[in-house]
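Open the model in your viewer and keep the sequence panel beside it. This tour goes from one selection to the next.

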Amino acid sequence: IPDAARRARSRPHEFSGGMRQRALIAMALACEPELLIADEPTTALDVTVQAQILDLLHTLRTETGMGLLLVTHDVGVAAESVEEVLVMRHGRAVEHGPVGTVLAAPRESYTRELLDAVPRVDARRTGSPATGEVVLEATGLRREFGRGKRAFAAVDDVSLTVRRGETLGVVGESGSGKTTLGRMLVGLLEPTAGRIRYAGEPHTGVNPAVQMVFQDPVSSLNPRRSVGESIADPLRARGEKGAGAEERIRGRVTELLERVGLEGAHHDRYPHEFSGGQRQRIGIARALAADPRVIVCDEPVSALDVTTQAQVVALLGELQRELGLALVFIAHDLAVVRQVSDRLAVMRRGRLVEYGPADEVYDSPREEYTRQLLAAVPALDPELAARRRAARRAPAAV
């Protein structure tokens, strides 16, 4: 954490998600443990910080002899960090052995399914329904927080367009301004400067045609209300009234639940009765209730295991093709973003540093920062991961 002495006096809400995770790791290391149990320690982190944390854990193990028990749904993180791997399903061990052997030649079908579901950073997207029609345009967006000497620009002079039926991927490290940009596009934050145009017309405030799927489906759903009531909120806000209004609303909610792969009978259940992937499907159903043309997805799969992640990504792609939706897909996982994106925007410290067709940016990045992001993506090959780790440490040793 930069400027650590000063930031030690900061409150948790003043840190980004990635910085809060680093603070928790520091707490765990404070007593110099002989065994560190790390439960999804890099889930909320961008790829470069994730690489730093994994390198740190490797160095600590080497220097102190500390044991590491790493719990993760990210197969790439396991490949980079462990000597042995235990694959679990439904509470039981299904495969156990050296990580190189298990990942290169898995014996069990479940392990093969996990590996098949892992997104690859070299896999191109196919089947885009994008058209030339611009549905959302941002020009010179700037958003400042704080006042006086403490003021800073979370987003600074960002301009981009989103076309009907396309997916615009937005990537960058924690604190790069990705989420702030997404919230401005939806209308949850007013820009300090710049403008947003929807369907060619200037627009301010919340726009029902631009909806959001949030990163954390737990905190974005009210635990005291049934999921059906949460999904119905956009319908009621739209002014559904008159005889039979409640019956029509319930019917529409049932349709939406079924459309995202759940059951209409789930209407009266509460968020805690669903898995993480199911809650994210509920968040997608709520976004669809307003009949949007654009959905901004803010880290929609970062907390999900690879198979559930693949299911949610497939669902978004299916909805996009059927409804002609435009998606803004904000994520720190560059492999997932490659899988879904037609164009890519790379952000750093609030600014766009690279912007263009996704295949061009991934295959021939112009900016060194983009190349660093791509080089930090975990590799499924433990030997390649070791060489990358040695390369990252080399400059520090000079």
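A crossover counts as right-handed if, with the strands pointing away from the viewer, the path from the first strand over the helix to the second runs clockwise. Keep that in mind for this predicted model.

Select strand S11 (residues 294-298), helix H11 (residues 306-323) and strand S12 (residues 326-330). Together S11, H11 and S12 form a right-handed β-α-β unit. S11 and S12 are parallel, paired over five bridges. Zoom in on Cys-297: Phe-329 in S12 stands opposite.

Is S11 buried or exposed? Five of its five residues are buried, so the strand is largely enclosed by the rest of the structure.

Next, move to the cavity. The count is one cavity of 30 Å³ or more. The volume of the largest cavity is about 40 Å³. Select its lining: Leu-54, Leu-57, His-58, Arg-61, Leu-68, Leu-70, Glu-80, Ser-81 and Arg-389. Helix H3 (47-64), strand S2 (67-71) and helix H4 (75-81) each give two or more residues to this lining. H3 has the largest share, with four residues. Color the lining by residue class: four are nonpolar, two polar and three charged.

Terms used:
Residues are numbered from 1 along each chain as its sequence is written. This is a predicted model: local features need pLDDT of at least 70, side-chain atom pairs count only at pLDDT 80 or more; totals for chains, interfaces and linings use all residues. Side-chain values use heavy atoms; hydrogens and water are left out. On a 1 Å grid over the protein atoms alone, a cavity is a set of points where a 1.4 Å probe fits but cannot get out, and a pocket is an open set with protein on both sides within 12 Å along at least five of seven lines; lining residues have an atom within 4 Å of a point. Grid points are joined across faces, edges and corners, and a volume is the space filled by probe spheres set on the points. Ala, Val, Leu, Ile, Met, Phe, Trp, Tyr, Cys and Pro count as nonpolar, Asp, Glu, Lys and Arg as charged, and the others, Gly among them, as polar. Buried means under 20% relative accessible area, exposed over 50%, partly exposed in between (1.4 Å probe, protein chains only). Two strands pair if DSSP finds at least two bridges between them.
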